[in-house]
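I opened this notebook to keep a record of what I looked up, entry by entry, for a reader who is new to the structure.

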Amino acid sequence: MKLKTTALAAFSLSLSHLGAESIGVNTKAANYKTGTLDDYRDYIERSVKAYHPEAAKAFSLDNLMDLIGIPMSTGYAQSSTPQGTEWINASQMNIGNNYNGILALMFQSKHQEQVVSKIAPAGSDVVFQIPLNMAQVEPLILDMVKLFSDEETVQEVKTSMQEAVPGMDMTTEELLAKIDLRLSMVLDLDPTKQLPTPMGTFDTPKLMIRLDGITWIWEKLGPQIIGGSGLPFSLDEQDGVLSYTIPAEMAPQFMGFLPIIVVDKNNDHIWISSTPEFYKACASGKNTLAESTDYLETMDGIPKNGIISSYLSKYSCDYISKMLAAFESSGMFEGADANTQAQLKRATDLLSKVQHGFASTVVTNAQGILTVERHVQNTDQQLLQALSDLKELEALHSQEAEATEETQKAESE
């Protein structure tokens, strides 16, 4: 795809963004708002009941939010700042540094640095990263079990955590306590190489996944994974870096892809890439997404040091929109219900308004957790849309309940 990446342009744009890391909620925004999550209690309760009825039966809302790690008493501040056809939406959750429940999985990780934009080559279309500290899984599971089970079940779960994990020489509890990883994913759509499929031809995707912090697991399970794959991987080892590749002549069997696995013990990275060439581009640290003008323009107004971050290029948004239009014209969605048809139309409408791309990042600060995103809707518009979707779903559930009641009544007569 076409890139606007020159060293001078990137350098000049980056200078104009100095101080971006301190970006937060815009107190001067027209829709600036503060309060506690209790402001949204009715909406959240209805949403849980409509979208997750089993959870609504098992937990009270307060217990559920405590499990997530964001109590209903949590204070917040939010704002939306316009940028052309797009908005910079910011939301601050004032929980301090008390990361409990599901939040602890991400925010008690040692992996606090934003790395994916420095891995992804310039022009990459979809990037994502998230840390996961699995040491928080056991207490989270126990908290969940305690909410809807008796003490006997709790003890059974505790016992299962003490069982040995095959091939690992440790218990489940010990394994979870040791896993603290960061997952990074990069996807680049290559329009110069079209991939034929039964549904038509598409840009060839180049994919890379990197796992940080768990090469010690590979030392124990790697041979089993490679042996169990059934593929003729060959191994090359140089200075603590293990490279597993398959013969080039097998590419036609993999639609042109040649998967590669690289275990870098020196840096504690495991790379999984669709081709050796894309792995090299990602591992080189040269001409990266973080240096590209397209990315910097999309990230304008968004912190670039996010612990959790995601990015979709304008090209990917346009491409998805084109694909949806092609699928619709081919009649693929003719059998979809009215709700699905409406969702598809809405998605197409939103994508058509993208000027730079979509991006979001989550950072921590002294007050708690700050989430900032670039979107084509502001916070109020998103809420109104969510309420509309919720009403439609509630109406559907009501119709289904009435139909069931009528059926049962007819069967009893």
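**Entry 1: charged pairs along helices**

I looked up E54 and K57 to begin with, and both residues are exposed, where exposed means over 50% relative accessible area, buried under 20% and partly exposed in between, with a 1.4 Å probe and protein chains only. This is a predicted model, in which local features need pLDDT of at least 70 and side-chain atom pairs count only at pLDDT 80 or more, while totals for chains, interfaces and linings use all residues. Residues are numbered from 1 along each chain as its sequence is written, and side-chain values use heavy atoms, with hydrogens and water left out.

I then found that the side chains of E54 and K57 meet in a salt bridge at 3.8 Å, N to O, the term standing for a side-chain nitrogen of Lys or Arg within 4 Å of a carboxyl oxygen of Asp or Glu. Side chains of opposite charge can pair when their charged atoms come close. E54 and K57 are about one helical turn from each other because they are 3 residues apart in helix α3; helices here are DSSP runs of H or I with at least four residues, strands are runs of E with at least two, and both are numbered from the N terminus.

I noted a second pair, D318 and K314, whose salt bridge spans 3.4 Å, N to O. These two are 4 residues apart in helix α13 (residues 314–329), so about one helical turn separates them. D318 is partly exposed at 36% relative accessible area, and K314 is partly exposed at 30%.

My search of the whole structure gave 14 salt bridges.

**Entry 2: patches on the surface**

I asked which residues gather in a patch of negative charge on the surface. They are D150, E151, E152 and E156; a patch takes residues with over 30% relative accessible area and no salt bridge, joining like charges within 9 Å and nonpolar side chains (Val, Leu, Ile, Met, Phe, Trp, Tyr) within 5 Å. For charges, Lys and Arg count as positive and Asp and Glu as negative, with His and the chain ends not counted, and the place of a charge is NZ of Lys, CZ of Arg, CG of Asp or CD of Glu. E152 is found in helix α8 (residues 151–161) and is exposed, with a relative accessible area of 56%.

I also found a nonpolar patch of M144, L147 and F148, with about 260 Å² of accessible area together, by the Shrake-Rupley method with a 1.4 Å probe, only the protein chains shown counting as cover for residues. L147 sits in helix α7 (residues 137–148). F148 and A58 are 90 residues apart in sequence, yet 6.1 Å apart in space, C-alpha to C-alpha.

**Entry 3: two loop residues**

I checked D239, which has a positive phi of about 50 degrees although it is not a glycine, and which lies in the loop between β9 (234–238) and β10 (241–245). D268, in the loop between β11 (260–264) and β12 (269–273), has a positive phi of about 60 degrees and is not a glycine.
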